[in-house]
Amino acid sequence: MVFTVAQGSGAPTDTVMRASTLSCAYTAEGTHPAPRAACDALNATDGELNRLLATPNTSRACPMYFDPVTVTADGVLHGRRVAWKHTFSNACMMSATLNGNPVYTF
């Protein structure tokens, strides 16, 4: 799997700020800094990557400006092709909604 965090609203011309690779077959490996934790979080989604998203952390105040950030996941998960993306209104909302999810902590 390849994961990206890009500045923009999901267009092909968005600027990728960070990217990471992850393989969960047999052993957890790739360029992801915490491959085992990320694989565990992916496996818990049962292939429904929207489950990576949480209700935003209400103890965290985010500014109400629009500077979109899009996260993507592309590859194969449990033998099925995955092409997923989600756009947040800004980086603070991304952080608050992913709420420390290990898949995007790179």
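Rings of Phe, Tyr and Trp (its six-membered ring) count as a pair if their centres lie within 6.5 Å, with planes under 30 degrees apart called stacked, over 60 edge-to-face and the rest tilted. By this criterion, ring pairs link Phe3, Trp84, Tyr104 and Phe106 into a cluster. The model is predicted, so that local features need pLDDT of at least 70 and side-chain atom pairs count only at pLDDT 80 or more, while totals for chains, interfaces and linings use all residues. Residues are numbered from 1 along each chain as its sequence is written, and side-chain values use heavy atoms, with hydrogens and water left out.

The structure holds three aromatic pairs, and one of them is the tilted pair of Trp84 and Tyr104, at 6.5 Å centre to centre with 40° between the planes. Because Trp84 lies in strand β4 (residues 80-88) and Tyr104 in the segment after α2 (91-98), this pair ties together parts that are 20 residues apart in sequence; helices (H or I, at least four residues) and strands (E, at least two) are DSSP runs, numbered from the N terminus. Tyr104 also forms a tilted pair with Phe106, at 6.0 Å centre to centre and 40° between the planes. Both Tyr104 and Phe106 are buried, as is Trp84, where buried means under 20% relative accessible area, exposed over 50% and partly exposed in between (1.4 Å probe, protein chains only).

Phe106 has a further contact: the charged end of Arg18 sits over its ring, 5.8 Å from the centre, the requirement being that NZ of Lys or CZ of Arg is within 6 Å of the ring centre and within 35 degrees of the ring normal.
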